[in-house]
Amino acid sequence: MVRIADLNLILDHLQQLYLAAGAKTPANDLKTLGDALRPHANVPVSQFVSAVRDGLAKQTATRAKNRTKGSALRKSEPPDAAVIATHVGSLRASGTDNISFGNALESLKAQKSLTLSEVAEIARQYADTVTKYKSKAAALGDISKAFVRQARFENKLR
Amino acid sequence: MKAGQLRDVLDAAARMHRETGNADAAQALDEFCSLFDDHKTKTVAALATLITKIAASEVVPPTTSSMMGRMGNLFGKS
């Protein structure tokens, strides 16, 4: 019966072969693998392989399950269109009035329940952009910039 | 190095052992190679880490009696 120790010996020989050829990376990889096997030197290879295979299968299954759960969760919460429309409406209604825009922006910032996708959609609709925002702060920053841009444009026209 | 590449190397080693009449070692290498089948794109280092973690929890450690037997062998009392 071949044990892990015997397998390790073969891996050691391969490692030496790689080292002799100057291939350090695969030699180091084989060393890493050998080190992982060393604590189980006395275990028969067939027993070790079946145990590790079961463990790997379990881990793959758990990962797939978590991935499905995550995507289901994301799909179950679409952006709230009514909330988006309300905020875009109040931001637009403020026009170029700094105080009312400040109030509208503060109420948007204060609503912590809004998700990134909702704040991003508000920013896209208000600032008329197609940017894919990576954070709420970036989306809010673009809303402020759009307001300043609009106010400057209207000042120029006067 | 990817696990798929190591699998090819170990396959070649198994073939060599089989040709030199060491069927047991060839069989063991084949069995060990089969571990890489579904993880060919992982790096060997990543797979080694996974194996370490799994083996620590799944593989039954040698019993005290088997260890005593091995120690006996070391001191010449079989």
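Chain A has seven helices and zero strands; helices (H or I, at least four residues) and strands (E, at least two) are DSSP runs, numbered from the N terminus. Chain B has four helices and zero strands. This is a predicted model, in which local features need pLDDT of at least 70, side-chain atom pairs count only at pLDDT 80 or more, and totals for chains, interfaces and linings use all residues. Residues are numbered from 1 along each chain as its sequence is written, while chains are lettered from A and ligands numbered from 1 in the order in which they are written.

**Confidence**

- The mean pLDDT of chain A is 87, and 94% of its residues reach 70 or more; pLDDT is the predictor's confidence in each residue, from 0 to 100.
- Within chain A, helix 3 has the lowest confidence, at a mean of 77, and helix 1 the highest, at 92.
- Where pLDDT is low, the predicted coordinates should not be read in detail.

**Chain overview**

- From the N terminus on, chain A runs α-α-α-α-α-α-α.
- Chain B follows the pattern α-α-α-α along its sequence.
- Of the 158 residues in chain A, 23% are buried. A residue is buried if 20 or more other C-beta atoms lie within 10 Å of its own, exposed if 12 or fewer, and partly exposed in between, with C-beta atoms placed from the backbone.
- In chain B, 21% of the 78 residues count as buried.
- Two residues are in contact if their C-beta atoms, placed from the backbone, lie within 7 Å. Among contacts in chain A between residues at least 6 apart in sequence, 51% join residues at least 24 apart.
- For chain B, residues 24 or more positions apart account for 56% of the contacts with a separation of 6 or more.

**Nonpolar cores**

- The largest nonpolar core has 30 residues, and those touching the most other members are Leu7(A), Leu33(A), Val45(A), Leu29(B) and Phe32(B). Such a core is a set of buried Ala, Val, Leu, Ile, Met, Phe, Trp, Tyr and Cys residues joined through C-beta atoms within 7 Å.
- Two or more residues each come from helix 1 (4-20), helix 2 (24-37) and helix 3 (45-76) of chain A, and from helix 1 (3-19), helix 2 (23-34) and helix 3 (44-58) of chain B.
- Helix 1 of chain A gives the largest share of this core, six residues.
- Leu33(A) touches Leu11(A), Val44(B) and Ala48(B), not counting residues up to four places away in sequence.
- A second, separate core of 15 residues includes Ala104(A), Ala123(A), Ala127(A) and Ala139(A).
- In soluble globular proteins, nonpolar side chains tend to be buried together.

**Chain A meets chain B**

- Contacts link 24 residues of chain A with 25 residues of chain B.
- On the side of chain A that touches chain B, helix 1, helix 2 and helix 3 of chain A each give two or more residues.
- Helix 3 of chain A gives the most to that side, with 10 residues.
- The residues of that side divide into 14 nonpolar, six polar and four charged. Ala, Val, Leu, Ile, Met, Phe, Trp, Tyr, Cys and Pro count as nonpolar, Asp, Glu, Lys and Arg as charged, and the others, Gly among them, as polar.
- Ala55(B) is found in helix 3 of chain B. Ala55(B) is buried, because 20 other C-beta atoms lie within 10 Å.
- Leaving aside neighbours within four places in sequence, Ala55(B) is in contact with His40(A) and Val52(A).

**Helix 2 of chain A**

- Asp29(A), Leu30(A), Thr32(A), Leu33(A), Ala36(A) and Leu37(A) are buried in helix 2 of chain A.
- These buried residues fall within an arc of 155° seen down the axis, so they line one face of the helix. The arc is that of the directions from the helix axis to the C-beta atoms.
- They pack against helix 1 of chain A together with helix 1 and helix 3 of chain B.

**Helix 7 of chain A**

- Ala139(A), Ile143(A) and Phe147(A) are buried in helix 7 of chain A.
- They cover an arc of only 85° around the axis, which puts them on the same side of helix 7.
- Their cover includes helix 4 (81-93), helix 5 (98-110) and helix 6 (116-127) of chain A.
- The face turned away from the buried side carries exposed residues, including Arg149(A), Arg152(A) and Lys156(A).
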